[in-house]
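Here is a walk through one protein chain, written for someone who would rather look at side chains than at scores. Keep the viewer open as you read.

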Amino acid sequence: PNLNTTMKKQTFHNVAKAMSYMVLVAICAFSAFAAIPGSAEALIALVGNEGGVGTVMAATTTTLAVNTRETVDGARPRSATDPGHIQDDVSRFVTMIKPDDFTLDTLLRDMESSEKATDLIVNFEEVEFRGREDVTTAALAAPTGTTDADKFRDLAVGNSDLWVKGETVYIPGVLISGKPLQLRVEKVNSNNTIQVTGINTADNVVPAIADATTIYRGATSYGELRAKAENKTLIPGNRFNYCQRHLAQVEEGYIRSMLETKSGFNIQDQNFIRMYDFRTEMEWASIFGTKNKTWSKEENEFVYTQEGVYHQLTKQLDWTAAAGITNNTWIDWTKQIFADNSGAEDRVALVGKELMATILKIDSVQKQQSEERVELVPGMKIMRVETSFGILYLKHHKLFDTVGHANDGMVVDMTNIKRRPFLALNQRKLGLREAGISNVNATLIEEIFCLETRYLDAHARIVKTA
């Protein structure tokens, strides 16, 4: 057959295949629409145990963790052979409620970044990589000869714990025959000094070094007879967060539930509004919450609140209305975001509307606005901005606008944030009518969790200071 005939046959097959896909998509879309619960009763029915208690993990655990879905009375029984791969409908339904408005919570649930918390106080450890930069804290005078005292000299440094015997000290600020000075660490002293000897100097003499000179840690070097290497033990730092309890109650009067309204407003609408507010509360706590154990006189008990990501961050990028955010500022920001930390090559920037508008006016960002938005999770499209240091996913977060942070934002490394649910997302029907408390149909939705934010230097807070 000739090329034209072949192309016609190929076109026919492509059209037939496309039509088949369209029919399949239509069937799936109809099925998904029919599955969306319209009432609190439907939420319970999704778990298949109306009148009982259904539990669901907000996201599955990591492969190293034990399966953590709680088993409670009335819940679907778990067998020893159940690997926990079944996706429960309640958590997925929660993310369907305007996922674009709750970016952080939606991303964490969809990424399945979760590990069971066994206590309301969640402790976690983190170890930073050894740094490579130090600074001298006192001047080293010029040598007077070529004796051992001139070849082996004590250099005062800011952090002697950074160094081990045998490492190279690299000093670009001091040149020897046009090349940066290199020294070898002979020993680490207890008085915040290191004994060094010259590598690329005449007769290994250590030259004069000024105070406040930046020095860098290079590689180790050992002789032939050395049987072991120096070991530098890194002690993990301990941090913690409190798990916060979130409750939402949806109820409708028993008599009202049997009446028809002129506007059509019913329990389905009430359920949607309450769930939207429920997600807003959890998102606010995850971002702006303050860690504390507060005594409630009214409830006669302590109430735990979690520390949000925004107020944990130690790295801050400032900007002002007068100076704006120039191309040079943007380049400096991306350098601070991606360089000199152990984070991933891509980060997510969640920003208020005013900050978003200002960033979009930057020339280097404007040139990428025509690019197709990236859909990281279903129902959420994010602008992908490539920089010389890494990839930034830029997203306007509406919550920043509604709580006084329209000019601010934060950049997060999603690989270093984890949800820690103590009590997974669950709901139960309240028997208020049966108990004679109130003549209403009521359902309580509950989740107890906190976020574990590791390696704070991999994240950043953006603040308009003036």
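## A hairpin and its inner strand

Let's start with a hairpin: S6 and S7 form it with 4 residues between them, and Asn192 in the turn has a positive phi of about 65 degrees. Before going further, note that this is a predicted model, in which local features need pLDDT of at least 70, side-chain atom pairs count only at pLDDT 80 or more, and totals for chains, interfaces and linings use all residues. Residues are numbered from 1 along each chain as its sequence is written, and side-chain values use heavy atoms, with hydrogens and water left out.

Strand and helix names follow DSSP runs numbered from the N terminus (helices are H or I with at least four residues, strands are E with at least two). Strands pair if DSSP finds at least two bridges between them. S6 (residues 179-188) runs antiparallel to S7 over 5 bridges, and Arg184 has Thr197 in S7 as its bridge partner. S4 (residues 153-156) also pairs with S7 in the antiparallel sense, over 4 bridges; there, Leu155 stands opposite Ile194.

How many residues of strand S7 are buried? For S7 (residues 193-198) it is 6 of the 6, so the strand is largely enclosed by the rest of the structure. Buried means under 20% relative accessible area, exposed means over 50%, and partly exposed is in between (1.4 Å probe, protein chains only). In a regular strand the side chains alternate between the two faces of the sheet. Both faces of S7 are covered, with Thr193, Gln195 and Thr197 buried on one side and Ile194, Val196 and Gly198 buried on the other.

## Rings

The whole structure holds 7 aromatic pairs. Rings of Phe, Tyr and Trp (its six-membered ring) pair if their centres lie within 6.5 Å; planes under 30 degrees apart are stacked, over 60 edge-to-face, and the rest tilted. Two of the edge-to-face pairs are set out here.

| Pair | Centre to centre | Angle between planes |
|---|---|---|
| Phe102 and Tyr276 | 5.1 Å | 65 degrees |
| Phe288 and Phe400 | 5.1 Å | 70 degrees |

Phe102 counts as buried because its relative accessibility is 2%, whereas Tyr276, at 27%, counts as partly exposed. Phe288 in H6 and Phe400 in H11 (residues 398-402) are 112 residues apart. Phe288 is buried at 4% relative accessibility, and Phe400 is buried at 0%.

Ring pairs also link Phe240, Tyr242 and Tyr304 into a cluster. Lys291 lies over the face of Phe240, 3.9 Å from the ring centre. A charge sits over a ring if NZ of Lys or CZ of Arg is within 6 Å of the ring centre and within 35 degrees of the ring normal. The charged end of Arg419 sits over the ring of Phe449, 4.3 Å from its centre.

## Cores

A nonpolar core here is a set of buried Ala, Val, Leu, Ile, Met, Phe, Trp, Tyr and Cys residues joined through side-chain atoms within 4.5 Å. In the largest one, with 29 residues, Leu104, Ile287, Val309 and Met410 touch the most other members. H6 gives the largest share of this core, 5 residues. A second, separate core of 21 residues includes Trp319, Val351, Ile362 and Ile462.
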